Amino acid sequence: MKSMHLWRNARLATLAGTEPWGWVERGALLVDGQQLHWVGAEADLPAGLSVAEEHDLGGALVTPGLVDCHTHLVYGGQRAREFELRLQGASYEDIARAGGGIRATVAATRAASDAQLFASAEARARTLMAEGVTTLEIKSGYGLSAEHEARCLRVARRLGRVLPLTVKTTCLSAHALPPEFEDRADDYVAAVCDWLPALQAEGLVDAVDAFCESIGFTPAQTRRVFEAAQRLGLPVKLHAEQLSDCGGAALAAGFGALSCDHLEHLSSDGVRAMAAAGTVAVLLPGAYYFLRETKLPPVQALRDAGVPIALASDHNPGSSPGLSLLLMLNMGCTLFRLTPEEALRGVAVNGARALGLADRGTLQTGQRADFAVWDLEHPNELSYWFGHNPCRRVIAGGQETNP
Ligand code: NIG
Ligand code: FE
């Protein structure tokens, strides 16, 4: 007979089944190693179990561990001066075209040591984890050379080894044009396609992303990056229709993209293509807020088409320097008019799906034992409070992370 851990006297938002929130009023979770062996009402607990340890949660709210499926966590420096310039009227695009923006962070990242990159990213990851995050995606894209992209991805991988956290890495080498390729975007794209196999061979890449935009890469260049990913069997995702409609979402959907992210300028053709491909829409209210955008993503069209909606922090030093996924739930509701239940699903099951992960995001038998315990009465409060952290305990892979 197995020795399991029993977590009981919990109010469960399982996000599974047909009840709103997958609600179980007086629930229990049986954890066997890293997995959920059984989830349900305490009254229905199977008999004859050998329970090694019992944890009484005192009626606290339990949700799946949160998934932040879009971050740029590894970088050097900060861009507060650009924030001031934008407040004085400069646009994000003006600053980028003048050599600031992403390129400024590339210079600071290249100048930082591995230890500095690791220490700053670790502190950021721990801040996210304190709010219940158990799975985190980290993109490269501030190295922009074979050497520096690899360095950043190694830091991301090491975070996943050192912290009680699942880290999925995404290669975003097609993020901006590095200075040594000035006016040679096609040559840079060819270089990215050339270095991708080595990054993959080193086990550094779970997915490939690009920034398809007037200040990023054209659809034709994005296609070449995706073709290189496809040759290696790597899934793709895309920064699409953030500042304008370039048709990036439909292009990415044609490659079976896991997700298209941002999407404020998404067209109805883009929505249709994403629905047909099963591509997740990752909405990033932090960037919308911080860049003071006014064009809303087409949330109702996405809902009507049955496109799964995720929410993420997009943590980065230029467009979204925040480190609170809970704040993104609040902004997802206030700014984008998601329901609180959609917002929670967006940082749980749909966030997982945006990373190609089917083993987490709900509390169900067979899922990974990632869950968060909250000092809250109802899951709608996760989207309601902002600026304070009601997370009491975090369990990742069956282990308490903050004992
Ligand atoms: O997701 N849009 C492109 N990339 C980032 C911003 C990068 C930066 O400004 O440093 C984003 O918003
Ligand atoms: Fe981003």
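Predicted model: local features only at pLDDT ≥ 70, side-chain atom pairs only at ≥ 80, totals over all residues.
Me: Which residues come nearest to ligand 1?
Reply: A residue is near a molecule if one of its heavy atoms lies within 4 Å of it. There are 15 residues around ligand 1. By class, this shell has four nonpolar, nine polar and two charged residues (Ala, Val, Leu, Ile, Met, Phe, Trp, Tyr, Cys and Pro count as nonpolar, Asp, Glu, Lys and Arg as charged, and the others, Gly among them, as polar). Those that come nearest are Arg-79, Tyr-92, Tyr-142, Gln-242 and Ser-319.

Me: How much of the area of ligand 1 does the protein bury?
Reply: Polar contacts, pairs of N or O atoms within 3.5 Å, include one of 2.7 Å between an oxygen atom of ligand 1 and the side chain of Arg-79. Polar side-chain atoms of His-262 and of Asp-314 each lie 2.9 Å from an oxygen atom of the ligand. Taken alone, ligand 1 exposes 330 Å² (Shrake-Rupley method, 1.4 Å probe), and the protein buries 100% of that.

Me: Which cavity is the space taken by ligand 1?
Reply: On a 1 Å grid over the protein atoms alone, a cavity is a set of points where a 1.4 Å probe fits but cannot get out, and lining residues have an atom within 4 Å of a point. A molecule sits in a cavity if more than half of its atoms lie within 2 Å of its grid points. By this test, the space taken by ligand 1 is the largest cavity.

Me: Which residues lie closest to the centre of the largest cavity?
Reply: The count comes to three cavities of 30 Å³ or more, and about 90 Å³ of space lies in the largest one. Its lining of 13 residues divides into four nonpolar, seven polar and two charged. The closest to its centre are His-72, Tyr-92, His-175, Asn-316 and Ser-319.

Me: Which helix gives the largest share of the lining of the second largest cavity?
Reply: The second largest cavity has a volume of about 40 Å³. Its lining includes Arg-79, Glu-82, Phe-83 and Arg-86. Helices are DSSP runs (H or I, at least four residues) numbered from the N terminus, and the largest share, three residues, comes from helix 1.

Me: Which helix gives the largest share of the lining of the largest pocket?
Reply: A pocket is an open set of points with protein on both sides within 12 Å along at least five of seven lines. The largest pocket has a volume of about 370 Å³, and among its 19 lining residues, Ala-96, Arg-97, Arg-103, Leu-177 and Ile-215 are the closest to its centre. Helix 2 (92–97) and helix 3 (102–111) each supply at least two residues. The largest share, three residues, comes from helix 2.

Terms used:
Residues numbered from 1 in each chain as written. Chains lettered and ligands numbered in written order. Heavy atoms only, no water. Polar contact = N/O pair within 3.5 Å; in protein donor to acceptor, adjacent residues only side chain to side chain. Points joined across faces, edges and corners; volume = space filled by probe spheres on them.
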